[in-house]
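Here are my notes on this one, as numbered points. Have the model open while you go through them.

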Amino acid sequence: MPATRIEGLTDCHMHVFGPIDRYPGAPDRTYTPERMGLAEYAPVAARLGVDRIVIVQPSAYGTDNRATLDGLATLGDKGRAVVVIDDSFDDATLDAYERQGVRGIRLNLMTPRITDAAAAEATLLAAGQRIARLGWHIQIYADLELVALLAPAARKSAVPVVFDHMGGSKAAAGPDVPGFGVLLDLLKEGKCWVKLSGADIVTWETTDFSRATPFARALIAANPHQLVWGSDWPHLVHHNSGRGDAAPPAGYRPVNEEKLIEALAGWAGDEATLRAILVDNPARLYRF
């Protein structure tokens, strides 16, 4: 944990799941949500000293953003959200989302996986054109291979592009894979943002995140002013054993959030950099 409390500390990546009878999940979901809402998150926020929260729409709900928006309404001015949309969402709906505190859309390019550069560019640029007037950003769930594929489009994007979870870095592969170099180049050029979230996914550990250190420190050295942090609470277990009503119940890994933020403080190296990542950068990206 940081040595002193940081006013305005922002968790830029967490999810909320409500009662299944009210928010049943998308027909093609790969896990069935079980209640893990703001009440369950509150003790985590208190331990970490979180003042502001960004709710990210989870894949299990597809384009049904009700749980995310209901959580956002509960948070008021201390909350922001990233939603998932498709072509059925009209401008009036997006305008209403903006007034509620939505600041971006999330693209999941892993399921189904995009493997064609032209298709990736078309998808990203079209999404950017749709939301540019709102001042939103595009948040992308991808791995480093996809980051490399998306790099030309990210450089052309009309809106900021934000990569989840250190761009999908994996400790087992090491930082020398070509995609990580591409991510660093984009960051140095100011052509993307990166979330220093998911250290537990990078390492597949729950308390010791030291194997994420080479990735995090390289990202901070590349551009500390376009990095944000998130807990990724409630640390979903990823399932591939069924879809829809056959999808298994959501599972959650016992990740130590205090250790996550302690690791971030060590990677940042000084208070000014830590404050930029936890407070100042989120204020710009999400317009707190």
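Which helix does Leu219 lie in? Leu219 sits in helix H9, residues 213–222. Before the rest, some ground rules: this is a predicted model, where local features need pLDDT of at least 70, side-chain atom pairs count only at pLDDT 80 or more, and totals for chains, interfaces and linings use all residues. Residues are numbered from 1 along each chain as its sequence is written, and side-chain values use heavy atoms, with hydrogens and water left out.

1. **Leu219.** With a relative accessible area of 0%, Leu219 is buried (buried means under 20% relative accessible area, exposed over 50%, partly exposed in between, with a 1.4 Å probe and protein chains only). Leaving aside neighbours within four places in sequence, Leu219 is in contact with Met166, Phe180, Leu183, Leu184, Leu187, Val194, Leu196 and Leu227 (contact means heavy atoms within 4.5 Å). Leu219 and Trp267 are 48 residues apart in sequence, and their C-alpha atoms are 9.8 Å apart in space.

2. **The cores.** Ile140, Met166 and Leu219 touch the most other members of the largest nonpolar core, which has 87 residues (such a core is a set of buried Ala, Val, Leu, Ile, Met, Phe, Trp, Tyr and Cys residues joined through side-chain atoms within 4.5 Å). Helix H5, residues 144–156, gives the most to this core, namely seven residues. Another core of nine residues lies apart from it, with Val54, Val56, Trp193 and Tyr286 among them. Helices here (H or I, at least four residues) and strands (E, at least two) are DSSP runs, numbered from the N terminus.

3. **H9 against H10.** The axes of H9 and H10 come within 9 Å and cross at roughly 50 degrees (axes are lines fitted to C-alpha atoms, for helices over the stretch in contact, and angles run from 0 to 180 degrees between N-to-C directions). That makes H9 oblique to H10; under 35 degrees counts as roughly parallel, over 145 as roughly antiparallel, 65 to 115 as roughly perpendicular and the rest as oblique. Thr213, Ala216, Arg217 and Ile220 of H9 meet Gly266, Trp267 and Ala268 of H10. By class, that contact has four nonpolar, two polar and one charged residue (Ala, Val, Leu, Ile, Met, Phe, Trp, Tyr, Cys and Pro count as nonpolar, Asp, Glu, Lys and Arg as charged, and the others, Gly among them, as polar).

4. **H10 against H11.** H10 (residues 257–268) packs on H11 (residues 271–286) at about 130 degrees, with the axes 8 Å apart. So H10 is oblique to H11. On the H10 side the contact is made by Ile261, Leu264, Ala265 and Ala268, and on the H11 side by Thr273, Leu274, Ile277 and Leu278. Sorted by class, the contact of H10 with H11 has seven nonpolar, one polar and no charged residues.

5. **H1 against H10.** The axes of H1 (residues 38–48) and H10 come within 10 Å, crossing at roughly 35 degrees. Val44, Arg47 and Leu48 in H1 meet Glu257, Glu258 and Ile261 in H10.

6. **Backbone spots to check.** Met166, in helix H6 (residues 165–168), has a positive phi of about 55 degrees although it is not a glycine. Met166 counts as buried, at 0% relative accessibility. Trp233 and Pro234 are joined by a cis peptide bond, with omega about 10 degrees. Pro234 is in the loop between strand E8 (227–228) and H10. His235 is found in the loop between E8 and H10, and its phi is near 65 degrees, again positive in a residue other than glycine. His235 is buried, with a relative accessible area of 2%.
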